Amino acid sequence: MNPLELTLGIMTAVGGFVDISELVFAARAGSTFGFALIWVFAFSTVGIVVFSEMSGRVAAVAKQPVFNLMRHRLGLELGLVTLVASVISNLITCAAEIGGVALMLNYLLGLSYVLMAVAMTIALIVSIWVLPFKWIERAYGLLGLFMIVFAAALFANHAPWTRIAGGLVPQVPRGLTTKEMLSFGYFCVAIVSAVMFPYEVYFYSSGGIEEEWGPKDILTNRLTSILGMGLGSLLAIAILANSAILFGPANVDPAIPGTAALEAAIPFGKWGLILALLGMFFAVAGAAVETCLANAYSIAQFFGWAWGRHKKPWEAPRFTLTWIILFLAALAIVLTGVDVMTLVEFAVLFSILVLPLTYLPLLLLSGDRKFMGRYANGAVTKWLGWFYFWIVCIAAVAALPLYFLTSGGNG
Amino acid sequence: MKPDGAIKLVSELLDLPLIDSNGRYCGIVDDVELKGQAGKPLRLEALLVGPGAYSGRLPRWAMSLLRMTAGDRLTRVPLGQIRTIGAAVELKVPGEKLGLRKTEDRVEGWLPKRGAL
């Protein structure tokens with residue numbers, strides 16, 4: 001295990017953890033319910049750590065990515081249903097990320113949102129064409145570390161640490177009306193979905209194959225999942241806590257993604273704002289790349305095409321054409337004029353519906369001793385895996401009713 | 001061989017990825033071709049690859065939709081061309097030799113071959 005590689009891997013995971021949905025729901029959760037939803041972030045982070053570690057381990061041992069194995073395990077029909085559902089979910093998520101990036105550029109440069117969406121899509125396509133996998137992953141992930149300004153802002157905003165720590169304890173705030181209770185439930189489901197997005201597992205396991213992981217990388221996989229995602233989640237919690245301190249008491253609903261940047265602007269002024277917007281820009285742009293590549297990985301793996309960005313783009317032609325088309329399709333969704341926040345909500349809703357289909361085959365495969373040998377799930381991972389699987393099933397059933405009953409968490 | 005041996009082999013083969021002798025993915029085992037007669041053991045003859053092999057595995061409406069979008073190409077991979085069967089099926093020869101890379105090669109012609117690091 002190379003310590004430099006490991007550190008870079010962990011830092012990349014930290015910088016790449018937050019995406020547009022986490023950004024929006026963390027800020028809104030803090031402003032609406034104070035610190036009471038911190039535990040949902042912590043709880044969901046354990047879930048994504050468990051499944052990411054599993055997918056990385058399967059990739060390292062079987063040397064096959066999740067979607068190859070998923071089709072083998074689920075069969076053609078159910079596999080095709082999973083593929084179509086996850087492509088729709090990832091496409092909407094990708095459109096939300098492109099819209100989010102265009103908004104950041106609109107705030108930073110004052111240029112037209114539509115123009116920025118087009119320019120950014122072209123820039124993202126060029127960056128994937130030019131850069132090999134490791135550079136793509138590192139560049140966006142490491143530049144996303146500008147978001148550490150949110151953690152610094154928490155100190156500068158005189159955070160009430162005891163109350164923040166209290167937010168880690170599972171709770172439902174007292175004295176909520178039925179409407180508010182439903183809204184709290186909707187936020188819980190949305191945060192679980194935003195943190196455990198299916199694209200993260202597809203991208204992570206395919207990345208393991210791109211980097212040619214083998215059984216010797218099992219420890220690197222475990223540390224990257226636990227530390228990278230664990231520390232990344234602290235940034236999301238910092239956004240939530242800053243929002244609870246600054247926006248909640250002022251009755252500000254940070255309903256647009258840029259509002260979160262004010263959390264750093266208030267204590268640090270202009271430079272705080274610029275660092276926050278830059279961090280958000282690279283984190284969200286990185287998520288756009290991840291969602292689009294995750295979609296292309298899934299399609300290529302399902303049909304057995306050559307895939308991967310460790311090859312030159314023309315060496316995996318159908319894969320390359322697929323991610324270019326998917327980027328253009330996501331841009332087309334943005335150009336219809338649909339609001340970024342609506343896209344974020346749809347992305348979260350579709351994702352939670354796909355999550356059980358994504359995680360079940362992974363859980364079965366990683367626990368199969370015939371297939372994984374001594375690297376099969378241990379008792380703790382097995383228990384945690386099934387526990388989180390049933391949690392996402394419950395969340396998937398509750399998602400649509402809660403969305404309609406609360407008008408997307410707006411009460 | 002146990003009574004369920006052959007059936008188990010088929011079920012374990014279906015939907016496995018194919019990797020050619022150059023280490024490139026070149027399809028999925030979409031169906032298998034068996035040879036034999038009633039009352040006698042069946043023998044695996046070839047793997048079938050491509051959307052044409054989906055008929056019988058998908059509902060009719062899905063199959064017509066697929067035929068419209070992906071065609072009904074079908075490539076036969078004789079058993080003798082298989083090196084190993086594990087988490088993937090490894091072939092003894094490059095995919096081109098079996099006609100498994102026709103679409104990849106056609107799409108490759110559409111892409112510019114420069115600018116990537």
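Which pattern does chain B follow when read along the sequence? Chain B runs α-β-β-β-β-α-β-β-β-α-α, with four helices and seven strands in total, where helices (H or I, at least four residues) and strands (E, at least two) are DSSP runs numbered from the N terminus.

Before selecting anything, note that this is a predicted model, in which local features need pLDDT of at least 70 and side-chain atom pairs count only at pLDDT 80 or more, while totals for chains, interfaces and linings use all residues. Residues are numbered from 1 along each chain as its sequence is written, and chains are lettered from A and ligands numbered from 1 in the order in which they are written.

**Chain A, coloured by confidence.** The mean pLDDT (the predictor's confidence in each residue, from 0 to 100) of chain A is 90, and 99% of its residues reach 70 or more.

**The core.** Next, select A:I98, A:I191, A:L240, A:M280 and A:I352, the residues with the most contacts inside the largest nonpolar core, which has 169 residues. Such a core is a set of buried Ala, Val, Leu, Ile, Met, Phe, Trp, Tyr and Cys residues joined through C-beta atoms within 7 Å, and a residue is buried if 20 or more other C-beta atoms lie within 10 Å of its own, with C-beta atoms placed from the backbone. Helix α12(A), residues 262–303, gives the most to this core, with 23 residues.

**Where the chains meet.** The contact takes 25 residues from chain A and 23 residues from chain B. On the side of chain A that touches chain B, select α4 (66–109), α5 (113–130) and α13 (317–335), each of which supplies at least two residues, with α4(A) giving the most, six residues.

**The sheet in chain B.** Finally, turn to the open sheet of four strands in chain B, whose order is β2-β1-β7-β6 with mixed pairing, two strands being paired if DSSP finds at least two bridges between them. The edge strands are β2 (25–28) and β6 (82–85) of chain B, each pairing on one side only. Three bridges join β6(B) to the antiparallel strand β7(B), residues 89–91, and here B:I85 has B:V89 as its bridge partner.

Notes: A residue is buried if 20 or more other C-beta atoms lie within 10 Å of its own, exposed if 12 or fewer, and partly exposed in between; C-beta atoms are placed from the backbone. Two residues are in contact if their C-beta atoms, placed from the backbone, lie within 7 Å.
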